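Biologist: I would like a close look at a single part of this model, with the terms spelled out as you go.

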Amino acid sequence: MNPPRDQGRGPWWRRLASAIALPALVATALLGAGSAPSRAAAAAWTPKPSPMTTPWTGQVPVDKPLPEYPRPQLTRPDWANLNGIWDFAVTGRDAGQPAAFPDQIRVPFVAESALSGIKRKITENDKLWYKRTFTVPADWTGRRTVLHFGASDWQTTVWVNGTQVGVHKGGFDSFSYDITPRLNGGTNTVVVSVYDPTQTGGQAVGKQRINGVDPHPGGGIFYTAASGIWQTVWLEPVAASHITRLDMTPHPGSGTLRVKVQAASAGGRSARVTVSSGGTVVGTATGAPGTEISVPVPNPRLWSPDDPYLYDVRAELLDGATVADSVGGYAGMRSIAVAKVDNILRPVLNGKFVFQTGTLDQGYWPDGIYTAPTDAALRSDLQAHKDLGFNMVRKHIKVEPQRWFYWADRLGLLVWQDMPAMDTGKTPDAAARTQWEAEYHAIIDQHRSSPSVVMWVNQNEGWGQYDQARIADEVKAYDPSRLVNNMSGVNCCGSVDGGNGDVIDNHVYVGPGNTAPTATRAAVLGEFGGLGYKVPGHEWYPGGGFSYEDQASTTALNNRFVGLLDAIRVGQLPAGLSASVYTEITDVENEANGLLTYDRQVVKVDTARVRAANQALIQASRTPAPPVTLPTGQYRSLRVTTPGHTDKYLRHAQGLAHTAVVDGGSGALLKNDATWKVVTGLANSNCYSLESRNYPGEYLRHRDFRVRRDADDGSALFEADATWCAVAGTGGVRLSSANLPGSYLRHIDSEVWLATAGGGHAWDNPATFTEDTTWAVDAPWAP
């Protein structure tokens, strides 16, 4: 496909950006149309000091920041970037257009950010105003001119040459207006107002909260608000009949790419779609705009994290034999579904199960807040995932620019895309629900063609929750080509499970925790981890950071994190877990849970070691070891395998678990105490519970790390505490806690504890840890 036209070669760094941005797909942006407020104003403008500087903070140009083509899946050769210095003012929320714009703001950075040059708190009582001039290139004559906004948060009103051209509500979806009738043939003026009530309104806000813009203590898991324009603003010339969107759905099983060419003023036109590989056409087909066109892609090269191969796509709108409009794009051939694998429901990519290991990615920046400073920065967090061996990323209640999805498509990361949540603790009214669902549909439409996106996550931990089951069914019907998660963190925070969708998703900190698959849903761990380590000199508010479990050193962090991944591989994967999301890829403001610092200057963990642990986890899902099974419904005795103690058995005495020597001469009571009935796990049918031989209805469980025999009270906590997952061990089995994977049933000094390798308790002593946590499953002493 043809790259967008470049007006002038520009400085070296911009030519370099062109070289690395979209090779073989889309080149760098056309660098200008018209002028900002004035060159004098631009020259006088300066950014505000950033609380932390990223490697890209100083690389943002004053004029035309983010110069890359903003819409990689629908490209045309001509366009004009309107990013840069705009006149700016803040008024009361009900005020009309101000007579003067006393400030300048660098678009597309939000008013709260340092990179905008404003860096001020915006509240529900404020309205933001933007103004600039532009001229339309002479060679656009005879075509329509469309004004595009990548995203603006929240209610955006646009005027061109004094006439209102549109009002958009939504903070995460793109929108555009045909402004041709409003152009004057010379210097044109665009004015934009934005009202953003953040959490005081009823709209989707994600993690944004109205807070001070300077670092401060507190804030918890919520962060600085992002008000106003936060993605690229640009102009594009189009024909009167033109393509507006390509909805592309791969069907590798039939060797076809199904494409709907959405178009404006396309009556009587036809659409032709051509798919190419390395410049060679592999298939072409023609059909009516808005209908599904099946393009042959024989013997497709399948897209996956290991081989993120992208086909080139060309779509043309035809008026007879004349091409009225032509756009470029790309597609990846892959399938995603859920299916039974060894009798466990799993997500399957291209028909095969591969464990999805990823992180929670909030998408915040200390210098740009919602907007990455450069395209290289936007790419960098995704590249960090690849470097660390992850194959998935959960984009957490934020929706990134389309270029982020391009990089995920090209680098090869599976994406779980959250719909940004409404405010917590509120029941949305009818108007808020209508708006939220309309914006969700727009987001799905705008990103439905990215092969990286494999799951839509509707709601999170009950925030603004409603109609969970209906929404899951509706989203699945709207995009049946992807998985749907009705609620991430269904076990948390008062959330209500809709009971449907493709996965059941728990949040467990530190975890990994117990998530069991069902007959209809695969089991995933939507959040776990949260291990914290503060790096001096790289804290947003020094001393103010928090985590779910602080680590004393980088060595401790590495050992604990790799231990969590290993626990999933050894225990949770065989027990039915299919995916996990670690919190989180970077620190965010006062969250110190990141694998990287918030400024992206320091990688806290050992990259090679983490990558190896992730690769081992992924490989284990591809070539699983035979499951360790125990004889359910039968009595067994568990014998110690530690050298010098192999005549001891697991028994209970006065309610507590111990080990004791048992032999043929032992009394009947001791033999009964040392005999357990193996039953299906109370909390996970892929694991086991151990019922007392002489106290039926009482089970071996852990409580405050001590292991004991207790009666089943029917609670979810008890059933999880009394469920043990069998893991292979030398000379026996190891029994891992279902709700604290990586912690094992261990004897030490004749007592029995729940112990964790590398833990800080006395019963976690590393001496003979593996031997002490390995048990021989012997014939019962009391049949």
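Biologist: How many bridges join strand E15 to strand E16, and do the two run parallel or antiparallel?

Modeller: The model is predicted, so local features need pLDDT of at least 70 and side-chain atom pairs count only at pLDDT 80 or more, while totals for chains, interfaces and linings use all residues. Residues are numbered from 1 along each chain as its sequence is written, and side-chain values use heavy atoms, with hydrogens and water left out.

Strand E15 (residues 242–251) and strand E16 (residues 256–264) run antiparallel and are joined by 9 bridges. Strands (E, at least two residues) and helices (H or I, at least four) are DSSP runs, numbered from the N terminus; two strands pair if DSSP finds at least two bridges between them. Met 248 stands opposite Val 259 in E16. The two strands form a hairpin with 4 residues between them, and Gly 255, in the turn, has a positive phi of about 65°.

A polar atom of the Asp 325 side chain lies 2.8 Å from the backbone nitrogen of Ile 243. The Asp 325 side chain also makes a polar contact with the side chain of Arg 76, at 2.6 Å. A polar contact is a pair of N or O atoms within 3.5 Å; within protein, one must be able to donate a hydrogen and the other to accept it, and residues adjacent in sequence count only if both atoms are side-chain atoms. Asp 325 is buried, with a relative accessible area of 7%; buried means under 20% relative accessible area, exposed over 50% and partly exposed in between, using a 1.4 Å probe and protein chains only. Leaving aside neighbours within four places in sequence, the residues in contact (heavy atoms within 4.5 Å) with Asp 325 include Ser 241, His 242, Ala 315, Glu 316 and Leu 317.

The side chain of Thr 515 makes a polar contact with the side chain of Asn 506, at 3.4 Å. With neighbours within four places in sequence set aside, Thr 515 is in contact with residues including Ile 504, Ala 523, Val 524, Leu 525, Gln 572, Leu 577 and Asn 684.
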